[in-house]
Amino acid sequence: MKYRIVVDPIGCVGHRICADLFPERITLDDWGYPIIDPKPITPNLLEHARRAIDGCPTLALRLEKIATERSRK
Amino acid sequence: MTSTAAVTSSQALWFASRGTGVVCLLLLTASFVLGIVTTMRVETRGWPRFILAAMHRNVSLLILIFLAVHIVTTVVDAFAPIHYLDAIIPFQSPYRTVWLGLGTVACDLLIALTITSLIRVRLGYSVWRAVHWLAYACWPIALVHGLGTGSDAQASWMTWLVVASLAMVLVAAGWRITATPASQNRVRWGAAAALVIVPVVMLWWARTGPLQPGWSHSFRKSPTTSTVPQATGTR
Amino acid sequence: MTSQSGAERQSRAVEDRANQASDAPSSGRRLFALVDGVGATALETHRGHYAEPPVPSRARPKLIDAIERSGLRGRGGAGFPTGVKMQAVASRRRQPVVVVNGTEGEPISRKDATLLQLQPHLVLDGAALAAAAVGANAVFICIERTQQHSIDAVSIALAERFRAEPNGVAMALKPTPPRYVAGEETALVHWLNGGEAKPTRTPPRPFEKGVGGHPTLIDNVETLAHVTQIVQYGPSWFRSIGTASEPGTALMTLSGAINRPAVYEAPVGARLGALLERAGTPHGIGAVLVGGYFGSWLDARTAGQARMSNEFLRPLGGGLGCGAVAVLPSQCCGVLESARVMRWMADESAGQCGPCVNGLDAIAATMRNVAAGRAGLDALATLERWAGQVDGRGACRFPDGAIRFLRSAMAVFAEDFRDHARGHPCLHVRAPRVLPIPTIEAGWR
């Protein structure tokens with residue numbers, strides 16, 4: 001099962017904690033909002049991803065399965 | 001068991017209960033301020049955001065440990081007729097009903113805050129946030145409980161601890177109010193009013209109540225006082 | 001079984017009607033075929049050409065099938081196949097709702113207002129047919145509350161229908177807050193549900209859970225007018241014009257430095273050059289903005305050869321969008337015009353997503369400095385970086401459209417951008433402004 005991290009852009013208010021906790025996939029734009037690398041999260045990074053998700057003060061991050069996702073219209 | 005041993009263990013319980021109560025107040029203050037620091041996006045090179053957020057969480061969890069000791073020692077101590085149930089259901093105990101009950105309320109609030117925070121991801125942000133607003137009520141309620149049950153309220157070290165804690169909490173809360181968006185003007189002014197009114201009422205109450213001589217004696221009607229060992233003096 | 005045979009009967013009815021249709025418009029003038037006389041808007045006149053839509057009950061698969069076979073694509077901007085959307089709504093368990101999207105926040109588009117004012121029944125029939133197709137029993141017609149003429153025309157048309165055809169599907173006119181993103185479909189649903197007219201997070205998309213929690217079909221007014229004609233004249237008639245992948249005609253609003261600014265109807269895939277000839281370009285063509293403010297700029301050369309279809313325009317980074325076209329004369333500053341539009345875009349942000357709020361504002365401020373010749377060459381690199389940081393990072397597609405506009409401006413006016421950034425603004429900064437900038441109305445409810 002492959003995962004990637006997705007951000008809810010309305011919920012995100014730019015606390016910037018996620019980029020500290022999960023720099024492997026999350027960088028910040030010029031205004032402090034997360035830019036998510038859509039690459040699948042390798043199993044060794046999953047723990048870091050979870051920590052970033054739990055650490056988000058507004059809960060604007062979540063894991064999304066890639067494998068089972070059908071192409072959206 | 002000799003009577004000295006009984007006196008000593010009862011004394012130990014008594015000191016443990018008082019001590020953990022004070023520690024809880026200090027930790028609550030720390031958690032309160034750290035929570036606001038987290039919201040206000042403070043960070044330095046040495047103190048990144050996630051460290052401060054983790055501290056807020058860990059300090060909050062630490063409160064529960066000290067709170068547990070506080071409750072257990074209070075219940076086990078035979079001096080006051082307090083039961084475990086009194087730690088959950090407020091205003092049931094015949095012993096200092098109101099002031100102990102407030103402690104129970106604060107305890108329940110803390111448990112609610114902790115549980116909702118632990119299952120935050122599943123709960124969703126809006127529900128968690130709604131519950132977490134109660135943190136602002138938890139601190140003053142806990143303080144009133146501490147002063148009202150009042151074994152140490154008149155000690156000068158206690159006065160200084162309370163004044164210092166109150167000052168920190170007021171500064172933190174005032175700072176938080178400045179970050180309220182202009183669209184929530186009513187919330188902002190309501191919070192500012194509460195920030196002035198609540199401490200003023202509390203100070204007035206403290207002067208007329210717990211800081212008056214004989215406050216802690218005024219509750220004594222229980223016959224269990226006959227078992228009070230001399231060494232513990234006034235309670 | 002019974003429902004299938006019923007559906008077949010309906011389908012046959014659709015085809016029969018199509019075969020009988022001797023008065024089917026044979027030229028590229030279809031939606032506007034009846035517009036010559038003033039009486040075209042009256043229901044009585046309209047019924048002389050178009051049959052009364054069936055009363056809605058359950059979904060009618062054959063009606064949806066007819067729309068799917070016609071190849072009709074949405075004319076609101078996204079260009080999504082209408083039949084597929086109907087199918088998605090009809091396949092949900094709960095009874096659907098139809099929303100007629102008559103909000104036209106695009107400042108240089110007038111086609112929806114024009115259609116609503118000249119041919120309201122063509123649109124309302126389409127809405128009733130869409131409701132019949134998906135089995136909806138309620139239709140909400142959303143028009144910006146500032147569009148008084150459209151609201152009047154639709155109110156009169158609704159009264160006419162209620163009197164003459166009382167069994168028709170229930171329709172309610174909903175005057176919406178006049179903000180650009182209010183017309184985005186999740187924003188419209190949120191507003192109809194009593195909230196602010198701002199886009200919401202997805203999923204759920206409106207076809208899953210929309211107005212009142214019901215699956216909701218949202219179609220642009222022009223799309224629905226085409227639905228009426230497809231049902232009346234048949235899918236193959238519809239496909240007889242336009243391109244294979246995007247059949248039919250499209251309404252296109254032409255404005256800017258032309259002789260006859262108006263709403264034109266032309267087959268999809270028509271040559272932009274021919275359209276511009278029809279409109280007359282007395283001041284020469286500096287550049288052409290295609291697809292509205294959230295479309296893209298084409299230089300004069302490309303514009304001359306361009307075709308008005310997504311198939312042609314998407315590889316160039318643009319799209320048909322809402323079909324709006326603005327011509328910039330040769331004596332005009334594209335940098336300044338673009339900067340003005342960008343400021344409007346930034347101010348129209350719903351203010352919900354960080355990259356959109358902060359990014360568009362920063363971009364608009366920098367573009368203004370570039371236009372004024374006080375930015376320096378670094379500013380162009382900054383703009384490009386910000387374009388990358390804003391694109392695709394909102395809850396809706398609003399910021400993406402703004403970035404598409406920015407990128408095409410920087411490509412088409414590349415030389416001008418460099419000159420301006422270096423501090424040598426062009427000679428045309430004092431020329432009259434061409435692109436209209438609406439004032440932004442307050443209020444999201």
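First, the conventions. Residues are numbered from 1 along each chain as its sequence is written, and chains are lettered from A, with ligands numbered from 1, in the order in which they are written. Since we are looking at a prediction, local features need pLDDT of at least 70 and side-chain atom pairs count only at pLDDT 80 or more, while totals for chains, interfaces and linings use all residues.

I start with chain A. Chain A has two helices and four strands; helices here are DSSP runs of H or I with at least four residues, strands are runs of E with at least two, and both are numbered from the N terminus. Read from the N terminus, the order is β-α-β-β-α-β. The radius of gyration of chain A is 12 Å, close to the 11 Å given by the globule rule for 73 residues, so chain A is as compact as a globular protein of that length. That radius is taken over C-alpha atoms, and the rule is 2.2 Å times the number of residues to the power 0.38. Along the principal axes, the C-alpha atoms of chain A fill a box of roughly 30 × 30 × 20 Å.

Now the interfaces. Two residues are in contact if their C-beta atoms, placed from the backbone, lie within 7 Å. Between chains A and B, 12 residues of chain A meet 10 residues of chain B. On the chain A side, α1 (17-21) and α2 (46-55) are the elements that give two or more residues. That side divides into five nonpolar, four polar and three charged residues. For these classes, Ala, Val, Leu, Ile, Met, Phe, Trp, Tyr, Cys and Pro count as nonpolar, Asp, Glu, Lys and Arg as charged, and the others, Gly among them, as polar.

Which of the two touching pairs of chains has the most contacts? It is chains A and C. Chains B and C share no contact, and their closest C-alpha atoms lie 13 Å apart.

Next, the sheet in chain C. Four strands form an open sheet in the order β3-β2-β1-β4, with parallel pairing; strands pair if DSSP finds at least two bridges between them. β3(C) and β4(C) (216-220) stand at the edges with a single partner strand each, so one side of each has no neighbour in the sheet. Seven bridges join β2(C) (residues 138-144) to β3(C) (residues 170-176). A138(C) stands opposite A170(C), and V139(C) has M171(C) as its bridge partner.

Last, a helix pair in chain C. Helix α5(C) (residues 111-118) packs on helix α9(C) (residues 221-233) at about 45°, with the axes 9 Å apart. Axes are lines fitted to C-alpha atoms, for helices over the stretch in contact, and angles run from 0 to 180 degrees between N-to-C directions. The pair is therefore oblique: angles under 35 degrees count as roughly parallel, over 145 as roughly antiparallel, 65 to 115 as roughly perpendicular, and the rest as oblique. K111(C), D112(C), L115(C) and L116(C) of α5(C) meet V221(C), E222(C) and A225(C) of α9(C). The residues of this contact divide into four nonpolar, no polar and three charged.
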